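Here's a quick briefing to read alongside the model. Have the sequence and the 3D view open as you go.

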Amino acid sequence: MCLPTSPAFSFDYSKFIDGESVTRLNPQGGVISNLSSTGAFAGYGLVQLRSGMDMSFTNLWGAGGVTLRLETGDDGRGYAGNINGSNITCVNGSSAFMAQPHCQANGAFHVTDLLSIGCNDAMHLSGGFVSLNKCCDNTTGTPMDCLPP
């Protein structure tokens, strides 16, 4: 049996380089619906959104992993805002929905109708981390040392 080691669907930014100018392009607008996956590894799952705006995710079902994962990076390259999710199901996995921005400020998200059957939780919200030795300062949102020297 081969378990997936990456999400089935991933949304990320892309770069457009014109001479010395770099423009980061985020996925914008769209409805993703009626998807399912089975056998996902705990750290992955059906959909991972690293960057995107004005997007809706509906009727997602996943066995294993995280069904809908909103996880941007600490480098400021991706941005997620105005994200909506509804009717998201997790079976024997980590969670139906997870938001972990890794010290990055993002826009609003709104999720409803989460169902968790044998999962760690229906919704997992965490500030995230930057690296093995760095985590987020909850006051300033900046990386800081989080392990003793």
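**Salt bridge**

Glu-71 pairs up with Arg-69 in a salt bridge, with 2.5 Å between the closest N and O atoms. A salt bridge here is a side-chain nitrogen of Lys or Arg within 4 Å of a carboxyl oxygen of Asp or Glu, and by that rule the count is 1. Keep in mind that this is a predicted model, where local features need pLDDT of at least 70, side-chain atom pairs count only at pLDDT 80 or more, and totals for chains, interfaces and linings use all residues. Residues are numbered from 1 along each chain as its sequence is written, and side-chain values use heavy atoms, with hydrogens and water left out.

- Glu-71 is buried, at a relative accessible area of 12%; buried means under 20%, exposed over 50%, and partly exposed in between, using a 1.4 Å probe and protein chains only.

**Disulfide**

- The count of disulfides (cysteine sulfur pairs within 2.5 Å) comes to 1.
- That link joins Cys-90 to Cys-119, with an S to S distance of 2.2 Å.
- Cys-90 sits in strand β8 (residues 80-91) and Cys-119 in the loop between β10 (109-117) and β11 (121-125), so the link ties together parts that are 29 residues apart in sequence. Strands are DSSP runs of E with at least two residues, numbered from the N terminus.
- The link of Cys-90 and Cys-119 is left-handed, with -105 degrees about the S-S bond.
- Cys-90 is buried at 0% relative accessibility, and Cys-119 is buried at 15%.

**Nonpolar core**

- The largest nonpolar core has 20 residues; such a core is a set of buried Ala, Val, Leu, Ile, Met, Phe, Trp, Tyr and Cys residues joined through side-chain atoms within 4.5 Å.
- Among the residues with the most contacts inside this core are Phe-11, Val-47, Leu-49, Met-55 and Phe-57.
- Setting aside neighbours within four places in sequence, Phe-11 is in contact (heavy atoms within 4.5 Å) with residues including Pro-27, Ile-32, Val-47, Leu-49, Ser-51, Met-55 and Phe-57.

**Ser-51**

- Ser-51 belongs to the loop between β5 (45-49) and β6 (52-63), and is buried with a relative accessible area of 0%.
- A polar atom of the Ser-51 side chain lies 3.3 Å from the backbone nitrogen of Tyr-79.
- Beyond four places in sequence, Ser-51 is in contact with Phe-11, Asp-12, Tyr-13, Asn-26, Pro-27, Gly-78 and Tyr-79.

- Strands β2 (residues 14-18) and β3 (residues 21-25) run antiparallel and are joined by 5 bridges; pairing takes at least two DSSP bridges between the strands.
- Phe-16 stands opposite Thr-23 in β3.
- The hairpin has 2 residues between its strands, and Gly-19 takes a positive phi near 70 degrees there.

**Gly-107**

- Gly-107 is in the loop between β9 and β10 and is partly exposed, at a relative accessible area of 24%.
- Gly-107 and Ala-80 are 27 residues apart in sequence, while their C-alpha atoms are 5.9 Å apart in space.
- Not counting residues up to four places away in sequence, Gly-107 touches Tyr-79, Ala-80 and Gly-81.

Note on methods
Helix = DSSP H or I, 4+ residues; strand = E, 2+ residues; numbered from the N terminus. Polar contact = N/O pair within 3.5 Å; in protein donor to acceptor, adjacent residues only side chain to side chain.
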